[in-house]
Amino acid sequence: MGRKLLLEHINVPGINTLAVYREKGGYRAVEKALKTLTPDDVVEEVKKSGLRGRGGAGFPTGMKWSFLAKPEGVPRYLVCNGDESEPGTFKDRYLMTHIPHALIEGMIVSSYALGANTSYIYVRGEMMPQIRILERAIEEAKAAGWLGKNILGTGYDLELYVQPGGGAYICGEETALLESLEGKRGNPRIKPPFPAIAGLYGCPTVVNNVESIAAVVPIVNDGGDEYAKIGIGRSTGTKLISASGNLVKPGVYEIELGIPVEEFIYSDEYCGGIANGKRLKATVAGGSSVPILPANLTLKYANGEPRLMSYESLSEGGFATGTMLGSGGFIAFDEDQCIVRNTWNFSRFYHHESCGQCSPCREGTGWMEKILHKIEHGHGTMEDIDLLWDVQRKIEGNTICPLGDAAAWPVASAIRHFRDEFEWHVKEPMKSQSTNYGLANYANPIEKKPEEVKES
Amino acid sequence: MLKVEETQPVEFSSALLAKFDEIVKRYPEGKQKSALLPLLHLVQAEYGWTSVPAMDKVAEFLKIQPIEVYEVASFYTMYFLQPKGKYVLEVCRTGPCCLVGAEKIMNHIEQKLGVKEGEVTADGLFSWRGVECLAACGFGPVLQIGPEYTFYENLTEQSVDQLIDDLKNKDLRQ
């Protein structure tokens with residue numbers, strides 16, 4: 001059994017209440033931080049822990065915190081990003097539903113470290129039940145003196161509020177989230193200035209994912225060095241993985257970073273294998289934005305070594321043969337799934353969610369959706385596949401925010417690894433409407449490193 | 001749930017305005033526009049949709065221009081700019097849910113209710129639509145129903161039938 005830092009008490013009845021959460025050692029981190037550590041000490045522990053942003057980008061949290069500007073007389077803000085909308089990702093919902101106080105405790109300690117006296121938890125509007133749960137938890141914590149004025153008699157004040165979104169994937173991008181929190185459309189801002197300099201209301205702001213903030217609690221309790229001992233290399237600590245798709249046991253799992261992908265998919269401790277006795281065809285390892293990989297490259301590198309669940313190992317091989325850990329949204333496709341149909345589905349998603357500011361993304365995502373719709377429905381040509389490649393390439397890197405890249409990568413990787421399935425749709429338009437391409441050779445052992453796909 | 005025509009002026013109840021006041025307190029002086037999204041959710045919960053007169057009233061309350069409200073309400077997918085059924089079944093249509101049968105569920109709902117996506121049933125009770133990822137991929141197919149956004153997971157055709165029948169009965173009792 002791997003160590004659990006966030007979900008250790010998930011099955012304890014009443015863990016969503018302050019009383020039970022306290023019994024299980026909750027709010028120790030607040031006592032320790034506020035009474036025995038300076039804000040800089042807390043930042044230092046988080047730096048030592050090697051914690052990397054759990055929302056998808058994987059940027060070191062401690063470093064992000066250390067960039068926060070601290071001009072005299074200007075308020076600073078901590079904003080928690082609970083706009084979880086990346087297809088395949090549902091860990092934050094799980095955490096907020098079952099252990100809301102883990103997030104509240106993390107918010108108090110983190111706000112203290114950053115010198116924020118007002119903090120917001122931005123939760124996507126569709127999660128109204130979770131918003132209610134968090135609001136209740138905040139009330140409980142406030143009544144018990146963990147929030148409000150002069151917390152634990154230390155002179156530190158903190159007000160914590162939950163802000164609902166309005167239904168927009170783009171608001172998971174931190175500057176779009178800040179715009180939304182200011183009551184505007186969720187259009188990402190041009191950076192610089194980064195939020196650490198000019199964020200919410202133009203003030204220095206840190207935006208962190210729900211899971212990152214919850215992870216600050218065990219880091220403060222046990223020390224950053226202890227946290228860093230878990231995991232592998234620069235992928236320290238534990239990570240919540242949201243497992244979905246054709247698995248025996250989909251759900252949220254806390255893993256120690258570095259376990260083999262094969263173990264995660266097939267062991268009974270985690271997903272328990274592919275549902276209905278089918279075989280694995282492909283996976284998307286870190287949420288819909290990361291490259292899709294065929295089964296063989298999911299389990300092993302191109303050189304045959306086993307692939308691990310870590311930031312570095314999942315990206316081994318670059319975009320030619322690797323993918324990314326992203327937000328930990330692990331989607332498994334069985335042999336009956338159609339890669340073209342799924343790619344079309346994802347492209348429709350990005351087209352729907354593009355904010356419309358940048359032409360390459362606004363127009364390009366629409367083109368991709370249309371071309372993929374055409375191929376999927378048996379009207380595609382070989383030129384369409386090349387056009388699709390061309391369009392995705394012209395979106396990537398040409399937009400204000402990463403949504404453009406996120407829209408391009410799934411298309412690029414689907415063509416890179418599953419081109420024969422796309423071509424089959426073109427060559428067998430009738431057949432492709434009634435049957436699937438199947439597993440094909442996507443699970444075959446890799447004998448030699450595939451040649452890198454030429455990009456022109 | 002009160003229905004209002006677009007031309008009909010709207011007066012917010014004092015209970016609703018009290019909630020508005022409570023929310024505005026969350027933000028610093030002069031930043032009351034931050035309350036816009038939460039306020040629109042409250043308006044929609046009260047009236048079933050966000051009409052132009054209601055948005056104008058929200059603008060007045062927040063001391064901002066009406067256009068600032070319209071542009072926000074039209075950007076975010078959760079705000080209905082037209083009247084909908086009393087119960088709007090919002091089914092996740094994104095990748096992971098489709099791997100486990102979301103498309104079948106949507107077809108079934110369309111047949112069961114006898115209306116196309118976005119339309120309202122003759123009795124005014126139901127609408128349905130496909131929405132993008134609801135962050136519940138491990139429990140798919142899923143749907144949600146506002147204004148409380150109650151979640152229904154691991155849907156089957158039978159469980160959807162049951163749900164729709166339950167909502168109909170619940171409405172008869174009211």
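This is a predicted model: local features need pLDDT of at least 70, side-chain atom pairs count only at pLDDT 80 or more; totals for chains, interfaces and linings use all residues.
Trainee: How does β8(A) pair with β9(A)?

Mentor: The two strands pair in the antiparallel sense, over six bridges. A hairpin of five residues links β8(A) to β9(A). As one example, L240(A) has E254(A) as its bridge partner in β9(A).

Trainee: And β12(A), does it run parallel or antiparallel to β8(A)?

Mentor: Parallel, with four bridges joining β8(A) to β12(A). There, S242(A) stands opposite G329(A) of β12(A).

Trainee: Switching to the chains: how many residues does each one bring to the contact?

Mentor: Chain A gives 45 residues and chain B gives 35 residues. From chain A, the elements that each supply at least two residues include β8, β9 and β12.

Trainee: Which element gives the largest share on the side of chain A?

Mentor: That is α15(A), with six residues.

Trainee: What about α15(A) and α18(A), at what angle do they pack?

Mentor: They pack at about 160°, with their axes 9 Å apart. That makes α15(A) roughly antiparallel to α18(A), and the crossing is left-handed.

Trainee: Which residues make that contact?

Mentor: Among them are F346(A) and Y350(A) from α15(A), and F418(A) and F422(A) from α18(A). By class, the contact of α15(A) with α18(A) has 12 nonpolar residues, three polar and one charged.

Technical notes: Residues are numbered from 1 along each chain as its sequence is written. Chains are lettered from A and ligands numbered from 1 in the order in which they are written. Axes are lines fitted to C-alpha atoms, for helices over the stretch in contact, and angles run from 0 to 180 degrees between N-to-C directions. Angles under 35 degrees count as roughly parallel, over 145 as roughly antiparallel, 65 to 115 as roughly perpendicular and the rest as oblique. A crossing is left-handed if the near helix is turned anticlockwise from the far one by less than a right angle, and right-handed if clockwise. Two residues are in contact if their C-beta atoms, placed from the backbone, lie within 7 Å. Ala, Val, Leu, Ile, Met, Phe, Trp, Tyr, Cys and Pro count as nonpolar, Asp, Glu, Lys and Arg as charged, and the others, Gly among them, as polar. Two strands pair if DSSP finds at least two bridges between them.
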